[in-house]
Amino acid sequence: EKSKIITGKSIRAGDIIVGLHSGGLQTNGYSLARKVIFDHSQMSWKDKLPGTSQTFGDALLAVHKSFLKPVSALMANKVTITGMAHITGGGFQDNIPRVLPNVVNAEIDRASWEVPTICKFIQNQGHVDRDEMYRVFNMGIGYVLIVPKRDLVRTEKILRANRQPYSIIGVTRKGTGVVTYKN
């Protein structure tokens, strides 16, 4: 129903940004990933991703997980979601501002979750600038929810009950509708 559409216009400074962990690269940055892994680093899809038991092929073909179940559970339990964004092409910089009113910024704490090994490999082996990585890839966060602080405990409880890995990745602050980074 039109009255239930989450547009982001109710986002206020002080709301909490919850990042739902992705299963892999999802739909982001495969051209850059292939160039770094196969062309620059001369790896094969059968080679092991250093520090893991996973092959590059498995890492690149990781299933794009659906966030429908945990988000629906939050909505069914009347958690107030003031904004949400799927972190796809354009990463954090392009996707989160689509839901931000022009009076708040999304301050993302890049130290608040573990970046997947595949992303670290691409960044290090390809000598890719950190900000560019966050613009191209989801960096392990596939979906972002913005909730009022008062709903955070309930949000976490429901996400845990739905076995959805997540991290508290930031907060909204007075601003101009952009993403900023802490750390």
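## Getting oriented

Helices (H or I, at least four residues) and strands (E, at least two) are runs assigned by DSSP and numbered from the N terminus. The model you are looking at is predicted, so local features need pLDDT of at least 70 and side-chain atom pairs count only at pLDDT 80 or more, while totals for chains, interfaces and linings use all residues. Residues are numbered from 1 along each chain as its sequence is written, and side-chain values use heavy atoms, leaving out hydrogens and water.

Let's start with the whole protein. Its secondary structure comes to seven helices and six strands. The C-alpha trace spans about 50 × 35 × 30 Å along the principal axes of the protein.

## The sheet

Now look for the strands. Six of them form an open sheet with mixed pairing, in the order β2-β4-β1-β5-β3-β6; strands pair if DSSP finds at least two bridges between them. At the edges stand β2 (83-86) and β6 (179-182), and each has a single partner strand, so one side of each is left without a neighbour in the sheet. From one strand to the next, the twist averages 25°.

Which strand partners β6 in the parallel sense? That is β3 (residues 104-109), and four bridges join β3 to β6. Find D109, and you will see K182 of β6 standing opposite.

## Where α1 meets α5

Helix α1 (residues 30-40) packs against helix α5 (residues 117-126) at an angle of about 65°, and their axes are 10 Å apart. (Axes are lines fitted to C-alpha atoms, for helices over the stretch in contact; angles run from 0 to 180 degrees between N-to-C directions.) The crossing of α1 and α5 is left-handed: the near helix is turned anticlockwise from the far one by less than a right angle, whereas clockwise would be right-handed.

On the α1 side, the contact (heavy atoms within 4.5 Å) is made by L32, A33, V36, I37 and H40. Helix α5 brings I118, F121, I122, Q125 and G126. Seven of the residues in this α1 and α5 contact are nonpolar, three are polar and none is charged. (Ala, Val, Leu, Ile, Met, Phe, Trp, Tyr, Cys and Pro count as nonpolar, Asp, Glu, Lys and Arg as charged, the others, Gly among them, as polar.)

## Where α3 meets α7

Here is another helix pair to explore. Helix α3 (residues 68-76) and helix α7 (residues 152-161) pack at about 135°, with 9 Å between their axes. The crossing of α3 and α7 is right-handed.

Which residues of α3 and α7 meet? P70, A73 and L74 come from α3, and T155, I158 and L159 come from α7. By class, this contact of α3 with α7 holds five nonpolar residues, one polar and no charged ones.
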